[in-house]
Amino acid sequence: MKAFTNVPVYLEGEGIKRCNIVFDEKIKRIGGSAEGAEVISLPEDALVLPGFIDEHIHGAGGADAMDGTHEALKTIACTIAAEGTTGFLATTMTQSPENILKAMRAVKEYRESDEKSGARVLGIHLEGPFISAQFAGAQPLEYVAKPEKETFDRYNAASGNAIKIVTLAPEAEGAEELIAHLTQTGVVSSVGHTKAKSTDIERAISLGAGNVTHTYNAQSPLHHREIGTVGSAMLFDELNCELIADTVHVSVPAMKLLVKNKPDSRLTLITDAMRAKGLADGESELGGQKVIVKNGEARLQDGTLAGSVLRMNRAVQNLVEKVGVPLEKAVDCASLNPARTLKIDDETGSVRLGKRADFCVIDSHFNVICTVCGGELIYDNRA
């Protein structure tokens, strides 16, 4: 048994309270004595939060989910532990079927190996290939494919049924059948890389779609005669909205507008990070395309944004300090809300008795002091 003692903890439904918290793989006691437990000492300004969950991340530390290897997934998992993340979806991109299948099989093998290093791979976010070529963003156009449930089933089988979210363009031929199939399978359909009109979004929602991929980016914009994907994201409470809160992909006023228009439980912070996260500025790669990383921005040679190098603790900080969101709500956007989307909020996503001991401990400047996943220290930056 381990314990944090006499420390402020963000408790689900109660706010921030100073208490003891005793845990092994799960949280065993909140409050009361910590006698007999190994105390993890923390600095005076420490704050214990639930571990973050990144439902949309391609890579970090020089590795990418599309590398399709155990080592790449382990590198990502260990790199993002340093930003307080305890669980993530290995996110793929529009690529050849062979490369996607390779990535699927790697995740299956990794999850079956019960690797203990770093954050948990909770599953896969299949971002493409079922997207609109008109809004492909940094996704290679030659591999954009028609939505087909048979293609999805082949990928899902190769992954060991690990696909949790599929990004797709709901206006594409075959998308409605795929959305209905995903809903029946228990997979989240996420509207993204799309030229959809509001009627397309409404139809997708009626079939079970429940998520918007990196809201504002690579999707039809808001116009007063056609609200498009962006306007629909704000209008329909059924949709959970992903947000890259780096102030590069989305401006601060745009973030404020989205926050103002979404229920507290329907906004999720993501990093959409690529392999250059955690490395020095310079040349990197995404889907075989050259990427230049400079001053916290990752762009293709033509200037197109190519994912981010955002850290989740900084995304939370930006939401608090730049957008004015209360700390507890901002933390929920990085923990409880994605857990709800993935339907794992009964086991993780908040600090509550009986849940997994997944914690991110930060200081007063949002620096990560340590990260605990399933009761084990996976990152330790204590002096």
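Here are some notes on this predicted model, point by point.

1. **Ground rules.** Because the model is predicted, local features need pLDDT of at least 70 and side-chain atom pairs count only at pLDDT 80 or more, while totals for chains, interfaces and linings use all residues. Numbering runs from 1 along each chain as its sequence is written, and side-chain values use heavy atoms, with hydrogens and water left out.

2. **The sheet.** Let us start with the strands. An open sheet is built from eight strands, in the order β6-β9-β10-β11-β12-β13-β14-β15, with parallel pairing. Strands and helices here are DSSP runs numbered from the N terminus (E, at least two residues, for strands; H or I, at least four, for helices), and two strands pair if DSSP finds at least two bridges between them. At the edges sit β6 (52–57) and β15 (267–270), each pairing on one side only.

3. **Around β9.** Four bridges join β6 to β9 in parallel, and Asp 54 has Phe 88 in β9 as its bridge partner. With strand β10 (residues 120–127), β9 pairs in the parallel sense over five bridges; there, Ala 90 is partnered by Ile 124 of β10. From β9 the chain passes through α2 to β10, a right-handed β-α-β crossover (with the strands pointing away from the viewer, the path from the first strand over the helix to the second runs clockwise). Seven of the seven residues of β9 are buried, so this strand is largely enclosed by the rest of the structure. Buried means under 20% relative accessible area, exposed over 50%, and partly exposed in between, using a 1.4 Å probe and protein chains only.

4. **A two-bridge pairing.** Strands β12 (residues 188–191) and β13 (residues 211–212) run parallel and are joined by two bridges. Val 191 has Val 212 in β13 as its bridge partner.

5. **Helices on the sheet.** Helix α1 (residues 70–81) lies across β6 and β9 (85–91), and runs at about 140° to β9. Helix α9 (residues 327–334) packs on the sheet too, touching β6 and β15, with its direction at about 70° to that of β15. For these angles, axes are lines fitted to C-alpha atoms, for helices over the stretch in contact, and values run from 0 to 180 degrees between N-to-C directions. Helix α9 is mostly covered, with six of its eight residues buried; among them are Lys 329 and Asp 332.

6. **The nonpolar cores.** Which residues touch the most other members of the largest nonpolar core? Of its 49 residues, they are Phe 88, Met 104, Leu 126, Ile 163, Val 166 and Val 291. Helix α2 (residues 97–113) gives the most to this core, with seven residues. A second, separate core of 41 residues includes Ile 201, Ile 244, Leu 267 and Met 312. A core here is a set of buried Ala, Val, Leu, Ile, Met, Phe, Trp, Tyr and Cys residues joined through side-chain atoms within 4.5 Å.

7. **Met 104.** Setting aside residues up to four places away in sequence, Met 104 touches Thr 92, Ile 124, Leu 126, Tyr 155, Ala 158, Ser 159 and Ile 163. Contact means heavy atoms within 4.5 Å.

8. **Cysteines.** How many disulfides does a search of the whole structure find? It finds zero, a disulfide being a pair of cysteine sulfur atoms within 2.5 Å. Cys 78 has its nearest cysteine sulfur, that of Cys 373, 11 Å away, and is partly exposed because its relative accessibility is 35%. The sulfur of Cys 241 is 11 Å from the closest cysteine sulfur, in Cys 333, too far for a bond; Cys 241 is buried, at 0% relative accessibility.

9. **Two loop residues.** Gln 139, in the loop between β10 and α3 (149–158), counts as buried because its relative accessibility is 6%. Beyond its neighbours within four places in sequence, Gln 139 is in contact with Met 93, Thr 94, Glu 127, Ile 131 and His 193. Glu 173 lies in the loop between β11 (163–168) and α4 (175–185) and is exposed, at 60% relative accessibility.

10. **Gly 15.** This residue is in strand β2 (residues 15–23) and counts as buried at 16% relative accessibility. The C-alpha atoms of Gly 15 and Glu 328 are separated by 7.0 Å, with the two residues 313 apart along the chain.
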